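Subject: Structure for you to look at

Hello,

Here is the structure I promised to pass on. Please open it beside this email and follow along as you read.

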Amino acid sequence: MASPTFGELQTEVLSRDYGSTSDLTLIKAWINSANRELHASHRWTWNETADNIATTAGQEFITMPTTLPILWIGRVRPNDASTPQVEFLDAARIRSDSPMATFNPTATGRGAPRYMWRLDNLLYVDPTPDAVYSYKLYFWHGATLMSSDAHLPECPEDDREILVFGALRRAAERDRDLNTANYYQSLWDKKLDDMRAKDNTLFQGVRKVQMPKSYYGRYDRG
């Protein structure tokens, strides 16, 4: 089994001489809280996923999948050739010329959706669909609650110590020990920066064009 597990993270928190076994309920909550904070701090490659969604004829919205908490939506892709591509709009930036400004779910016009946007846990489409249209929804998901000691955090194994730092910071805040809380906050921040840099470099960084061979590899990057 990959390590460290949820149970091993609890042991690691206790090994720092901060808390006792009587605090295990709190420690579990602190680790889960740190895990939620970690997921929400970056569009990580390891919390990308996809799920199928579909419209209902005559209904102007789609209920988003609830198996995982959705933090950010990346892309909506038709599942078949007969379903047109939709344009995903940002509900937080509505201009007067935006299709959202004139959206009217009671309008009699029906057809294949051309626009989609998110409000709360619903995806609204315009125009109101006249049939079932199926899409693949790509998104970054939030953390799921860990309860069993065998549960594994979704972040890479080598980076899971960050959850220990997050839990210890919360323990110090509970005890009003601001110096220790700031210490673990600094460890959290450093580890978070390292994780972001590694994630961007390995998976999301811009690839550099290889220089001509006459340079003998001197200026090659990535």
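Start with confidence, since this is a predicted model. Among the elements of the chain, helix α2 has the highest mean pLDDT, at 96. Strand β4 (residues 87-89) has the lowest, at 87. Over residues 205-222 the pLDDT is below 50. Beyond near neighbours in sequence, that stretch has six contacts in the model. Where pLDDT is low, the predicted coordinates should not be read in detail. For the chain as a whole, the average pLDDT is 85. A score of at least 70 is reached by 81% of the residues.

Next, the overall layout. The chain has four helices and nine strands. Along the sequence, they run α-α-β-β-β-β-β-β-β-β-β-α-α. Of the 222 residues, 35% are buried. The exposed surface comes to about 12,900 Å². Carbon and sulfur atoms supply 50% of that surface. Now take the contacts between residues at least 6 apart in sequence: 71% of them join residues at least 24 apart.

Now look at helix α2, residues 24-39. Several of its residues are buried, among them Ile 27, Trp 30, Ile 31 and Leu 38. Asn 32, Asn 35 and His 39 are buried in α2 too.

Helix α1 (residues 6-15) holds Gln 10. Is Gln 10 buried or exposed? Its relative accessibility is 4%, so it counts as buried. Leaving out residues up to four places away in sequence, Gln 10 touches Leu 24, Ile 27, Lys 28, Ile 31 and Asp 149. Ile 27 and Ile 31 are also on the buried list for α2.

Then come the charged pairs. Side chains of opposite charge can pair when their charged atoms come close. How many salt bridges does a search of the whole structure find? It finds ten. Three of them are worth a look.

Asp 23 counts as buried, at 14% relative accessibility. Arg 174 is partly exposed, at 33%.

Arg 169 pairs with Glu 37 in another salt bridge, with the closest N and O atoms 3.3 Å apart. Which helices does this bridge tie together? Arg 169 is in α3 and Glu 37 is in α2, so the pair links parts 132 residues apart in sequence. Arg 169 is buried, with a relative accessible area of 8%. Glu 37 is partly exposed, at 28%.

Arg 169 also forms a salt bridge with Glu 173. Here the closest N and O atoms are 3.5 Å apart. These two residues sit four apart in helix α3, so about one helical turn separates them. Glu 173 is partly exposed, at 41% relative accessibility. Through shared partners, salt bridges join Glu 37, Arg 169, Arg 170 and Glu 173 into one network.

Two loop residues remain. Ala 143 lies in the loop between β9 (134-141) and α3. At 15% relative accessibility, Ala 143 counts as buried, since the cut-off is under 20%. Which residues does Ala 143 touch, not counting those up to four places away in sequence? They are Asn 35, Arg 36, His 39 and Pro 69. The C-alpha atoms of Ala 143 and Glu 37 are separated by 8.4 Å, though the two residues are 106 apart along the chain.

Ser 82 lies in the loop between β3 (70-78) and β4. At 61% relative accessibility, Ser 82 counts as exposed. Its side chain makes a polar contact of 2.6 Å with the side chain of Asp 80. Ser 82 and Ser 134 are 52 residues apart along the chain, and their C-alpha atoms are separated by 9.6 Å.

Best wishes

Notes:
Residues are numbered from 1 along each chain as its sequence is written. This is a predicted model: local features need pLDDT of at least 70, side-chain atom pairs count only at pLDDT 80 or more; totals for chains, interfaces and linings use all residues. Side-chain values use heavy atoms; hydrogens and water are left out. The expected span of a helix is 1.5 Å times one less than its number of residues. Buried means under 20% relative accessible area, exposed over 50%, partly exposed in between (1.4 Å probe, protein chains only). Contact means heavy atoms within 4.5 Å. Accessible areas come from the Shrake-Rupley method with a 1.4 Å probe; for residues, only the protein chains shown count as cover. pLDDT is the predictor's confidence in each residue, from 0 to 100. A salt bridge is a side-chain nitrogen of Lys or Arg within 4 Å of a carboxyl oxygen of Asp or Glu. A polar contact is a pair of N or O atoms within 3.5 Å; within protein, one must be able to donate a hydrogen and the other to accept it, and residues adjacent in sequence count only if both atoms are side-chain atoms.
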